[in-house]
Each structure stands twice: as structure tokens, then as C-alpha cells.
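Here are some notes on the aromatic side chains, as promised. Have the model open while you read.

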Amino acid sequence: MTTIDDWNEYWKENPNSKVLFTGDDGKTIGDFEKFWSQILPYHTQNLSVIDIACGSGALFQTFGDKAFSRKAGLDCSSDALNSLQKNVPDAEGILNETSVLPKETLIEFDLILSQFGIEYLGTESIKDIPGKMKQGAEFIALCHYNGGHIYSRYKREKEGIETLFAIEAFENALQIAELMNNDTIAYEIRARDYLSHLATLDKKWCAGSLHFVNGIQQLFVAYKQYDHSDILAWIKGFKLQLDIIYRRVTTICDVALSESDVQQITSGQYSDSWTASPFTLKNSSLPVAWNLRFKKK
Ligand SMILES: C[S@@+](CC[C@H](N)C(=O)[O-])C[C@H]1O[C@@H](n2cnc3c(N)ncnc32)[C@H](O)[C@@H]1O
């Protein structure tokens, strides 16, 4: 599971990340902007708004100059909130390091929003929101969809990394690299076998695992052009990086809401005022998110 330290690390390294706003081609996905611009009330200048699990403020940035009486972003990562301050200077940052949302904070807001964020706090936390809202307030969220478009992308990424772990790709690469200096013949035989093995699994590689496979191929083939210590450091560094990425993609897959999670969230005392529907991008067949909405009557 991704820890607060992992999130801090992530936001330190990617202070302006809008990764979930971009498609596989790295271009901005306009559908999310359109979704929010259509769903928000036209006049917002008298409304207070809070973005739950706001990260670096991607959501507020999509609203552009839309005015609110008060803007706040809540996140468990102080580094995310530092970025929020820079990216959206008129938003206040609220640090909340638990998965329980503070009622005394939520009750102050007219609009409670979240984009691929609140599901990290767990289904119970989402279910509890209505009881913490003031009369007339509205909750609108886009949440990861189990089996959906983003989920499938991360699941593939996760499986690629799991394959590297299963074949002990890093440990073996280090052992082989150790031979470079003292037994060139053994090195070349083992490196060739190692690379052939990776090639037989080529359907598995994507994103991080694909970068590793391409990188190790280049290093093992052209090893004479590199410092031995740099090759060892590259393999060890990659392993550490993929450990973190693995925790992140696993968490995204774990928090993605299934149909039964959504049923559980929307059942009970407030069931009449919840709506939940799949949200699909223009060019995709799979839903990308759950659109969860609740209005407190
Ligand atoms: C995928 S990012 C989404 C950020 C932002 N909503 C966006 O659209 O770019 C998920 C965010 O959830 C935050 N988060 C994870 N667990 C949390 C928790 N228990 N309480 C508050 N924020 C949390 C992380 O720090 C991270 O900023």
C-alpha cells in the first residue's frame, strides 16, 4: 500500500503532475475538463469549495478563473499541499493524514469535490460524507473504476513489474553484471540467455518494466562503453524506483471502486440522494471513472 511517505516522495518529484489528466499519448484529456465545466453551477462566486485528496491542485487548475467565496484543498501529503500553494495561490491547504475526514471542516463547504482522490480514503470514508455535510451542500466525485480504462492501464503496468520480480530480473542482472570485469566469456553467454528470456516475455512489458527491459538490453549489449559501477548503480536504482511504482499502481488497482463498493457506499440512510454512474471518455469503450454525486436535502 502506498504510504504518506510515498506520496510525499511522489509530489516532491512531480510537483505539477497531472498524470491522470493525460492519455497514453501524453496529451491532456479534454473530457474531464468538459465534465467539470458542465457539472458545476454556473455562478459559484458565493460558494465555498473543497477538493478532497487534491494533490497539486489539478482540479482547481481546470476551473481556470472561476470564482468561489472560499477554496480549499485537503490532502495527506504536505508536499502535495506545497505544490497546491504554488499552483493555486488562492486555495488554502488542509493536511489530513488519516482516512477519516474531519466533520468540522466538511460542514463548512457548499461543494465537496474529488477527482481520483477520495477512494484512497476507503469506501467507509465516502459513505460517511453525507453525515458530515451541511444542508444543501453537494458532493461530486470522479473515482477510479475497477475494470475501467485507467485501471486496465495500471493493471498491465503492475503485471509487467510482477513478471520482473517473479523471474528475479534485478538479482540476475546484478549477478551477470558482476561477471563483466572478470569473466567476459561467461558474461556474454549469460547476458545473451538473460536477454533472450526477457524477449520471450515481450507481451508482458509496458511502462516501467518496458523501460527496464530496453535499458538493460542496451547496457548488456554495449557494456564496454559504460563504467561497470554505473551499470550496477543503474540496475539497483531501477529496482528501487520500480518498488515505489509497484506500490503506487497496486494501490490504484486496489482502491478502484467495484460495482459492489458503489452499492455499499450508496446504500443506507441516504440512499435516495445518491447517484452513481460510469463515466466514459469519448474515445474509449471502457468507463474511466465512477461519477458519484450526493446532494444533502
Ligand atoms: C492520484 S492522486 C490525485 C490527485 C488529484 N486529485 C488530481 O486529480 O491530480 C491521489 C491523491 O490522494 C492523496 N491521498 C492518498 N491518501 C489520502 C488520505 N488518506 N487522505 C488525503 N489524501 C490522500 C495523495 O496524496 C494524492 O495526492
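1. Is phenylalanine 139 buried or exposed? Phenylalanine 139 is buried, because its relative accessibility is 0% and the cut-off for buried is under 20%. Bear in mind that this is a predicted model.

2. The partner to look at is tryptophan 274, also an aromatic residue: with phenylalanine 139 it makes an edge-to-face pair, the centres 5.9 Å apart and the planes at 85 degrees. Phenylalanine 139 belongs to strand β5 (residues 138-144) and tryptophan 274 to strand β6 (residues 274-280), so this pair ties together parts 135 residues apart in sequence. Tryptophan 274 is buried, at 8% relative accessible area.

3. Across the structure there are 23 aromatic pairs. Take phenylalanine 63 and phenylalanine 68: their ring centres are 6.0 Å apart and the planes meet at 45 degrees, so this pair counts as tilted. Phenylalanine 63 is buried, with 10% relative accessible area, and phenylalanine 68 is buried with 12%.

4. Phenylalanine 63 and phenylalanine 68 also belong to one aromatic cluster, together with Phe32, Phe35, Trp36, Phe60, Phe116 and Phe279.

5. Two lysines are worth a look as well. Lysine 71 lies over the face of phenylalanine 60, 5.6 Å from the ring centre, and phenylalanine 60 is one of the cluster members. Lysine 66 has its charged end over the ring of tyrosine 42, at 5.8 Å from the centre of that ring.

Note on methods:
Residues numbered from 1 in each chain as written. Predicted model: local features only at pLDDT ≥ 70, side-chain atom pairs only at ≥ 80, totals over all residues. Heavy atoms only, no water. Phe/Tyr/Trp six-rings, centres within 6.5 Å; stacked < 30°, edge-to-face > 60°. Buried < 20%, exposed > 50% of the residue type's maximum accessible area, 1.4 Å probe, protein only. Helix = DSSP H or I, 4+ residues; strand = E, 2+ residues; numbered from the N terminus. Lys NZ or Arg CZ within 6 Å of the ring centre and 35° of its normal.
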